[in-house]
Amino acid sequence: MNAPSYALVTGASKGLGKFFARALAARKQSLVLVARGQAKLAALAAALRAAHAIQVEPLAFDLTAPAAGQRLAAELRARELRIDLLINNAGFGLRGEFWKLSLAEQLNMIQLHNAAAVELTYELLPAMIEAQTGGIINVSSMAGFQPVPYAALYSATKSFLTTFSMALREELRPVGVKVVTVCPGRLRADPDESQAGRQKVPGGEQGHAEVVAETLRKFDAGGGLVIPGRRNRWMNFGQRLLPPNAVPKIVAKKSKP
Ligand SMILES: NC(=O)c1ccc[n+]([C@@H]2O[C@H](COP(=O)([O-])OP(=O)(O)OC[C@H]3O[C@@H](n4cnc5c(N)ncnc54)[C@H](OP(=O)(O)O)[C@@H]3O)[C@@H](O)[C@H]2O)c1
């Protein structure tokens with residue numbers, strides 16, 4: 001019997017990553033689940049194994065550490081876990097004036113959203129290209145479509161990820177490897193998590209399950225950009241009609257903490 005191929009989901013222990021893990025498990029897809037906290041990963045892995053009779057490997061890993069993506073890829077090779085779907089989802093937001101926020105935390109954000117995603121992509125792509133199958137889903141954000149004052153680094157890392165991911169899609173299209181770039185707006189609170197410290201942000205909220213379903217539909221259809229929700233698609237279209245200098249001014253009024 002052939003060894004199973006796995007989908008690797010970063011940031012799988014809660015929020016969108018957990019919903020990706022559940023949706024893929026329901027498709028009988030074996031999984032490698034990555035986050036820092038071992039306990040939640042192990043509990044999710046046990047639940048998904050029991051419900052779907054699939055292989056699920058929880059791997060506790062801090063992707064903000066230097067070269068973390070390369071070390072994670074080495075660990076996957078050592079365990080002979082073949083990945084044919086990579087979901088770069090792990091992420092976090094920081095709000096406030098750039099110069100008042102911790103520099104170390106902001107650099108961690110670059111490391112997690114950008115360096116780790118690039119490293120994992122670089123390490124795992126060759127096997128997908130050789131097999132002419134599989135793909136990558138990059139979880140970016142609506143915040144990446146314009147500068148967002150008071151989330152300057154967050155929006156910059158998501159702009160990077162969106163640009164990288166959309167360019168990569170065209171490079172990989174001829175070799176049969178799919179790339180989806182998904183740019184959700186504000187997500188609803190994770191129903192399994194405490195809401196202590198959750199910041200209020202203006203605008204509507206999106207359900208995790210709908211975002212995941214729309215993303216997987218796009219993946220099945222061959223890849224591309226997903227802006228989940230009609231409201232977000234209109235906002236993205238509308239702001240392109242405004243003068244570039246007006247956009248950050250308008251966003252600043254809405255995003256000031
Ligand atoms: N929430 C939103 O409104 C929203 C909107 C648009 C886009 N997004 C994007 O969607 C993605 C998921 O967001 P979410 O709201 O679902 O996040 P979340 O609920 O806070 O979950 C984040 C996940 O990432 C993991 N993680 C955090 N830091 C990590 C690190 N250093 N190394 C490895 N894993 C790490 C967390 O587990 P541990 O803490 O155990 O490591 C957790 O599993 C992010 O990329 C985010 O930017 C979110």
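## Helix 4 and helix 5

In this predicted model, helix 4 passes helix 5 in a right-handed crossing. Helix 5 covers residues 152–172, and helix 4 covers residues 103–131. The two pack at an angle of about 15°, and their axes are 9 Å apart. Angles under 35 degrees count as roughly parallel, so helix 4 is roughly parallel to helix 5.

On the helix 4 side, the contact is made by Gln106, Met109, Ile110, His113, Asn114, Ala117, Val118, Thr121, Leu125 and Ile129. Helix 5 contributes Leu153, Tyr154, Thr157, Lys158, Phe160, Leu161, Phe164, Leu168 and Leu172. By class, 13 of the residues in this contact are nonpolar, five are polar and one is charged.

## Helix 3 and helix 4

Helix 4 also packs with helix 3, which spans residues 68–78. Here the angle is about 35° and the axes lie 7 Å apart. The crossing of helix 3 and helix 4 is right-handed.

Which residues of helix 3 meet helix 4? They are Ala68, Gly69, Gln70, Leu72, Ala73, Leu76 and Arg77. Their partners in helix 4 are Ala116, Glu119, Leu120, Glu123 and Leu124. The residues of this contact comprise seven nonpolar, two polar and three charged.

## Helix 1 and helix 2

Helix 1 runs over residues 15–26 and helix 2 over residues 38–52. They pack at an angle of about 20°, with 10 Å between their axes. Helix 1 is therefore roughly parallel to helix 2. Their crossing is right-handed.

From helix 1, the residues in contact are Lys18, Ala21, Arg22, Ala25 and Ala26. From helix 2, they are Leu44, Leu48 and His52. This contact has five nonpolar residues, one polar residue and two charged residues.

## Around the ligand

How many residues surround the ligand? There are 26, and the closest are Ser13, Arg36, Asn89, Tyr154 and Leu187.

A backbone N or O atom of Leu16 is 2.7 Å from an oxygen atom of the ligand. For Gly37, a backbone N or O atom lies 2.9 Å from a ligand oxygen atom. Asp62 instead uses its side chain: a polar side-chain atom of Asp62 is 2.9 Å from a nitrogen atom of the ligand.

How values were computed:
Residues are numbered from 1 along each chain as its sequence is written. This is a predicted model: local features need pLDDT of at least 70, side-chain atom pairs count only at pLDDT 80 or more; totals for chains, interfaces and linings use all residues. Side-chain values use heavy atoms; hydrogens and water are left out. Axes are lines fitted to C-alpha atoms, for helices over the stretch in contact, and angles run from 0 to 180 degrees between N-to-C directions. Helices (H or I, at least four residues) and strands (E, at least two) are DSSP runs, numbered from the N terminus. Angles under 35 degrees count as roughly parallel, over 145 as roughly antiparallel, 65 to 115 as roughly perpendicular and the rest as oblique. A crossing is left-handed if the near helix is turned anticlockwise from the far one by less than a right angle, and right-handed if clockwise. Contact means heavy atoms within 4.5 Å. Ala, Val, Leu, Ile, Met, Phe, Trp, Tyr, Cys and Pro count as nonpolar, Asp, Glu, Lys and Arg as charged, and the others, Gly among them, as polar. A residue is near a molecule or strand if one of its heavy atoms lies within 4 Å of it. A polar contact is a pair of N or O atoms within 3.5 Å; within protein, one must be able to donate a hydrogen and the other to accept it, and residues adjacent in sequence count only if both atoms are side-chain atoms.
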